[in-house]
Amino acid sequence: MKRPLLPLILFFPALLAVPAAQADDMSLTVKPVLCITDKRNPSCDMSFLVMWQSPVTGYYCLFNDFGDAPVRCWSEEREGRLTDERTMQADFSYWMTGTDPEARLAQVDVEVLRMDSDDRRRKRRTRHVWDIN
């Protein structure tokens, strides 16, 4: 009688590990992921389309770097979509969490590219090799 219980005990923990492994397969997509600024417009007013999908139905929350509270949470869902209006001047991230808000399941970084760089190489005049003036 002890033999049939041993395979069940060994098999049961493997069943518990499957949903946790599948939760890591969550996909998070944010569009757009790049903002280009210059001296005339130092910030970007943008509308972000955030979409996520998970193979496991559960409780998920979307966070960003602008606050500690979640942007939105979904209960008993496998996918979600949200439009988020933001004014940004620096890089930031969106990320998804499950029941543990400290464990990030997926993350997307949104970047700001500044075109008004004070880089000396951009302002240098190009001259011909034989130009002595």
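## The Asp 84–Arg 86 salt bridge

In this predicted model, Asp 84 and Arg 86 form a salt bridge. Their closest N and O atoms lie 3.0 Å apart. Side chains of opposite charge can pair when their charged atoms come close.

Asp 84 has a relative accessibility of 8%. The cut-off for buried is under 20%, so Asp 84 counts as buried. Arg 86 reaches 24% relative accessibility and counts as partly exposed.

## The Asp 38–Arg 40 salt bridge

The structure holds two salt bridges. Asp 38 also takes part in one, with Arg 40 as its partner. Here the closest N and O atoms are 2.8 Å apart.

Arg 40 has a relative accessible area of 70%. Exposed means over 50%, so Arg 40 is exposed.

## Helices and strands

The protein chain has two helices and six strands. Their order from the N terminus is α-β-β-β-β-β-β-α.

## The chain as a whole

The protein chain has 133 residues, and 26% of them are buried. Its accessible surface comes to about 10,000 Å². Carbon and sulfur atoms account for 54% of that surface.

Contacts also link parts of the chain that are apart in sequence. Take the contacts between residues at least 6 apart in sequence: 55% of them join residues at least 24 apart.

Terms used. Residues are numbered from 1 along each chain as its sequence is written. This is a predicted model: local features need pLDDT of at least 70, side-chain atom pairs count only at pLDDT 80 or more; totals for chains, interfaces and linings use all residues. Side-chain values use heavy atoms; hydrogens and water are left out. A salt bridge is a side-chain nitrogen of Lys or Arg within 4 Å of a carboxyl oxygen of Asp or Glu. Buried means under 20% relative accessible area, exposed over 50%, partly exposed in between (1.4 Å probe, protein chains only). Helices (H or I, at least four residues) and strands (E, at least two) are DSSP runs, numbered from the N terminus. Contact means heavy atoms within 4.5 Å. Accessible areas come from the Shrake-Rupley method with a 1.4 Å probe; for residues, only the protein chains shown count as cover.
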